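Please look over the sequence and the structure before going on.

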Amino acid sequence: MNETLIQRHWAALAAPKVAPALATSTVLILGRIWNANGAEHSTGNAALMVVLAAGAATAGAFASAGRTGDSVIAGTAFATSGGLALAGVAGYADGLPLPLLLWAVATAAAYGIAARYWRTDRRDTVAYGRQTTSRREEHGHVERVEALRAGAQIEVARCGAAYAEQLATALITRATLPGFDPQALTRAGLPELPTVDTTKEH
């Protein structure tokens, strides 16, 4: 059983690891650009970001409520809420210390949440690999057993054919010797040899 091996590019492997830091850094940069363009000490802008962040957090809470809650939607909503809060602080605050502090906290939280999904994905990958290996070994065992069985049947057929050929040769040779009596073979318990009707025309 041959399977196609896929070698992933190093960028594809590294992208999930840098995505949380890239996302929070992008929000921080955009917030500071917004700050430089008039958002600093703007009560209206700050109130807007508070409302948007609270709305996203509320949506995440509703999405995660109940046993049938969608964890993907809830995680996306909470991440959006955190990003809006970080953007609001970065746009409203005077200096960089508070936005940087919130950026560090948001990045750590993002990596903490992502690590959980990475562990789940790694467990699923390992379980799938084990199941694939088990199926491959099982199929290989079945193929080996069938090959041995077919080989044994072929060998039995070959031995039977060789025995029949040797028996026929021995009988033909014995029939050419003087004093050969076919009835003696029948009386001895051997199977009766077929007779050929030489008077029958083809």
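This is a predicted model: local features need pLDDT of at least 70, side-chain atom pairs count only at pLDDT 80 or more; totals for chains, interfaces and linings use all residues.

Q: How many helices and strands does the protein chain have?

A: Helices (H or I, at least four residues) and strands (E, at least two) are DSSP runs, numbered from the N terminus. Here the protein chain has 5 helices and 0 strands, and its elements follow the order α-α-α-α-α from the N terminus.

Q: What share of the residues in the protein chain is buried?

A: A residue is buried under 20% relative accessible area, exposed over 50%, and partly exposed in between (1.4 Å probe, protein chains only). Of the 202 residues in the protein chain, 14% are buried.

Q: What do contacts in the protein chain show about residues at least 24 apart?

A: A contact means heavy atoms within 4.5 Å. Among contacts between residues at least 6 apart in sequence, 65% join residues at least 24 apart.

Q: What is the volume of the largest pocket, and which residues lie nearest its centre?

A: On a 1 Å grid over the protein atoms alone, a pocket is an open set of points with protein on both sides within 12 Å along at least five of seven lines, where a 1.4 Å probe fits; lining residues have an atom within 4 Å of a point. Grid points are joined across faces, edges and corners, and a volume is the space filled by probe spheres set on the points. The largest pocket has a volume of about 490 Å³. Its lining comprises 20 residues, with G75, F78, A79, A110 and I113 nearest the centre. Two or more lining residues come from each of α1 (10-39), α3 (71-92) and α4 (97-175), and α3 gives the largest share, 10 residues.

Q: How do the residues of that lining divide into nonpolar, polar and charged?

A: Ala, Val, Leu, Ile, Met, Phe, Trp, Tyr, Cys and Pro count as nonpolar, Asp, Glu, Lys and Arg as charged, and the others, Gly among them, as polar. The lining of the largest pocket has 13 nonpolar residues, 7 polar and no charged.

Q: Why does N35 count as buried?

A: N35 counts as buried because its relative accessibility is 9%. N35 belongs to helix α1, and a polar atom of its side chain lies 2.9 Å from the backbone oxygen of A93. Beyond its neighbours within four places in sequence, N35 contacts E40, A90, G91, Y92 and A93.

Q: Where is H41 found, and with which residues is it in contact?

A: H41 is in the loop between α1 and α2. Leaving aside neighbours within four places in sequence, H41 contacts Y92 and D94. Its C-alpha atom is 8.4 Å from that of G91, although H41 and G91 are 50 residues apart in sequence. H41 counts as partly exposed because its relative accessibility is 47%.

Q: How far are the C-alpha atoms of A54 and G55 from that of S81?

A: For A54, 27 residues from S81 along the chain, the separation is 6.7 Å. For G55, 26 residues from S81, the separation is 7.6 Å. A54 lies in helix α2, as does G55, where the helix spans residues 43-64.

Definitions and conventions:
Residues are numbered from 1 along each chain as its sequence is written. Side-chain values use heavy atoms; hydrogens and water are left out. A polar contact is a pair of N or O atoms within 3.5 Å; within protein, one must be able to donate a hydrogen and the other to accept it, and residues adjacent in sequence count only if both atoms are side-chain atoms.
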